[in-house]
Amino acid sequence: QVQLVESGGGLVQTGGSLRLSCAASGSIFSVNAMAWYRQAPGKERELVARISNIGSIKHADSVKGRFTISRDNAKNTLYLQMNSLKPEDTAVYYCNLETWLGGRRYDTWGQGTQVTVSS
């Protein structure tokens with residue numbers, strides 16, 4: 001069983017920066033990708049950035065040029081560097097670990113960390 005623990009959220013002013021971390025522990029295998037999602041009040045959860053097991057990276061258009069996803073395999077930790085933050089980035093950010101077994105996808109989620117950007 002895998003556990004994901006996020007940290008690094010908080011309150012920041014417009015234009016500020018934050019770095020989120022997600023530490024993975026437990027039985028980590030058959031990982032296809034890790035990602036950051038976010039969910040704002042009244043909205044659906046959306047993909048922010050994703051990094052595959054071969055290093056392929058994707059960022060949502062809304063964060064391109066401002067956010068950067070990265071990982072430290074030795075520490076089993078995923079990061080999201082967020083720069084030039086905007087009020088519309090306010091949301092709960094979730095770490096996601098995607099695995100595939102027997103042709104079926106399994107998702108593991110962290111508990112979420114709140115990011116609030118004040119105008």
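Start at N76. In this predicted model, N76 is partly exposed, with a relative accessible area of 35%. That value falls between the 20% limit for buried and the 50% limit for exposed, so the middle class applies. Now check the backbone. N76 has a positive phi of about 50 degrees, although this residue is not a glycine.

Next, select S84. Here too phi is positive, near 50 degrees, in a residue other than glycine. S84 sits in the loop between β8 and β9 (91-101). S84 is partly exposed, at a relative accessible area of 41%.

**The pocket**

N76 is among the residues nearest the centre of the largest pocket, together with I28, V31, M34 and N73. In total, 15 residues line this pocket. Its volume is about 180 Å³. Which elements give two or more residues to the lining? Select β4 (31-39), β5 (46-52), β7 and β8. β4 supplies the largest share, 3 residues. Colour the lining by residue class: 8 are nonpolar, 5 polar and 2 charged.

**The sheet**

Hide the surface and show the cartoon. Select β1, β3, β8 and β7. These 4 strands form an open sheet in the order β1-β3-β8-β7, with antiparallel pairing. What is found at the edges? β1 (2-7) and β7 (67-72) stand there, each with a single partner strand, so one side of each has no neighbour in the sheet.

Zoom in on the β1 end of the order. β1 pairs with β3 (residues 18-26) in the antiparallel sense, over 6 bridges. For a landmark, pick V2, which stands opposite G26 in β3.

**Salt bridges**

Show the charged side chains. How many salt bridges does the structure hold? There are 7.

Stop one is D89 with R38. Their closest N and O atoms are 3.0 Å apart. D89 lies in the loop between β8 and β9 and R38 in strand β4, so this pair ties together parts that are 51 residues apart in sequence. Are these two residues buried or exposed? Both D89 and R38 are buried. The four residues R38, E46, R66 and D89 are linked in a network of salt bridges.

Stop two is D61 with K64. The closest N and O atoms of this salt bridge are 3.1 Å apart. D61 counts as exposed, at 65% relative accessibility. K64 is exposed as well, with a relative accessible area of 52%. Both values pass the cut-off, because exposed means over 50%.

Stop three is R105 with E98. This salt bridge has its closest N and O atoms 3.6 Å apart. Colour the two by accessibility. R105 counts as partly exposed, at 34% relative accessibility. E98 counts as buried, at 5%.

**Last view**

Finish with two selections on screen. Then show the network of R38, E46, R66 and D89.

Methods. Residues numbered from 1 in each chain as written. Predicted model: local features only at pLDDT ≥ 70, side-chain atom pairs only at ≥ 80, totals over all residues. Heavy atoms only, no water. Pairing = 2+ DSSP bridges. Buried < 20%, exposed > 50% of the residue type's maximum accessible area, 1.4 Å probe, protein only. 1 Å grid on protein atoms, 1.4 Å probe; cavity = no way out; pocket = protein on both sides within 12 Å on 5 of 7 lines; lining within 4 Å. Points joined across faces, edges and corners; volume = space filled by probe spheres on them. Nonpolar A, V, L, I, M, F, W, Y, C, P; charged D, E, K, R; others polar.
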